[in-house]
Every structure is written in structure tokens, then in C-alpha cells.
Amino acid sequence: MRSHGLVASHMTVFFHTNPFNNTPRDSSSRTARLSPPSNTTMALVETALACAAKAWKGDKGGNGFAYTKAGVILDDLIPAELAPVNLFAYEQERSSKLSTALDAVNDRWGKKTLILASEGFKRSFETKASMRSPRYTTRLADLPIVRA
């Protein structure tokens, strides 16, 4: 979003259970307005955590739901130069510079090299891609190279 020069005005956080097994079903979501519209990491993480805390009905002592899908949706994307300016524009500029620096470090040294403390340090799960099919049909970098 930042690389395209956009800011978001609304964020939705959602959770779903698996509809194909015999466990209790639930679909929960919360939407929040980002005021002023923002693309800074700090504002997005803070809003996502607040929405998740309100929407979460997961495992509460064995009485909650076993969610299988979660996501974040950003809505009302507009160019940053057209976004309304806040009275505290200095703080917005400072957060924007910090987010740009964070992006630069993560682009150079790898995803999640630097994270916000509010994201948490414990990573109890990892995406499992060991059974993923090759992406050479959708990604030029993964095309096999044939040498004669």
C-alpha cells in the first residue's frame, strides 16, 4: 500500500471457523475507521489488534471457537496526497518516516526482520509451504532454465 502511495480509511478484521466439519460454526468481524486515513505500520497494527480483541471468540478455557481462517481487509484506499490532514500532522509525518525505515530494513534483510513489539515476539505457527505446487505458471522468476 505504501509503495503505491495509498492510505486506508477503514479496516476490517475477520475470523471464520471451518464450515465443513462438525464443530461449532462462527463468523466474526469488526470494522474500524482510521482517522486520519493512514498507511503507517503503527496505526495499522494498533487498529488491527483493537478489532481482533473485540471480535475474538476463540478458545476461552475450552469453551470458544476453533477458527481456521483470519484476515485483515483495508477499505477506502485513496492517494496519500488527497487524504484529509489532521491537526497533529507532525506525528503523522514522523510515523510515516518510521514506517518507511522499517520497510527498508525488512526489504533488505528479509520479511519480519524488524517488527513492532505490539505484534508480539512469539511465533507459534508458521505457514506450511512444503506441499506447495511450483509457481512457474504465475511467476517468471520460478521458470525452469534449460541449458543446451
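Is phenylalanine 15 buried or exposed, and what is its relative accessible area? Phenylalanine 15 is buried, with a relative accessible area of 7%; buried means under 20%, exposed over 50% and partly exposed in between, for a 1.4 Å probe and protein chains only.

The model is predicted: local features need pLDDT of at least 70, side-chain atom pairs count only at pLDDT 80 or more, and totals for chains, interfaces and linings use all residues. Residues are numbered from 1 along each chain as its sequence is written, and side-chain values use heavy atoms, with hydrogens and water left out.

**Aromatic pairs**

A pair of aromatic rings is described by the distance of the centres and the angle of the planes. Rings of Phe, Tyr and Trp (its six-membered ring) pair if their centres lie within 6.5 Å; planes under 30 degrees apart count as stacked, over 60 as edge-to-face and the rest as tilted. By this rule there are three aromatic pairs.

| Pair | Centre distance | Plane angle | Class |
|---|---|---|---|
| Phenylalanine 15 and tryptophan 56 | 5.0 Å | 80° | edge-to-face |
| Phenylalanine 15 and tyrosine 67 | 5.2 Å | 35° | tilted |

Helices (H or I, at least four residues) and strands (E, at least two) are DSSP runs, numbered from the N terminus. Phenylalanine 15 belongs to strand E1 (residues 6-17) and tryptophan 56 to the loop between helix H1 (41-55) and strand E3 (67-75), so their pair ties together parts 41 residues apart in sequence. Tyrosine 67, in strand E3, is 52 residues from phenylalanine 15, and this pair also links distant parts of the chain. Tryptophan 56 is partly exposed, at 38% relative accessible area, whereas tyrosine 67 is buried, at 16%. Ring pairs join Phe15, Trp56 and Tyr67 into a cluster.

**Core and helix H1**

A nonpolar core is a set of buried Ala, Val, Leu, Ile, Met, Phe, Trp, Tyr and Cys residues joined through side-chain atoms within 4.5 Å. The largest one has ten residues, among them Phe15, Tyr67, Leu44, Ala48 and Cys51. E1 and H1 are the elements that give two or more residues to this core.

The buried residues of H1 are Thr41, Leu44, Val45, Thr47, Ala48, Cys51 and Ala55. Viewed down the helix axis, they fall within an arc of 165°, so they line one face of H1; the arc is that of the directions from the axis to the C-beta atoms. Glu46, Ala53 and Lys54 are exposed on the other side of H1. Apart from neighbours within four places in sequence, cysteine 51 is in contact (heavy atoms within 4.5 Å) with Met11, Val13, Arg30, Thr31 and Ala32.

Alanine 80 is placed in the loop between strand E4 (78-79) and H2 and is partly exposed, at 36% relative accessibility. Its C-alpha atom is separated by 5.1 Å from that of leucine 6, 74 residues apart along the chain. Not counting residues up to four places away in sequence, alanine 80 touches Gly5, Leu6 and Val7.

Asparagine 106 lies in helix H2 (residues 89-109) and counts as buried, at 15% relative accessibility. With residues up to four places away in sequence not counted, asparagine 106 touches Lys111, Lys112, Thr113 and Leu114.
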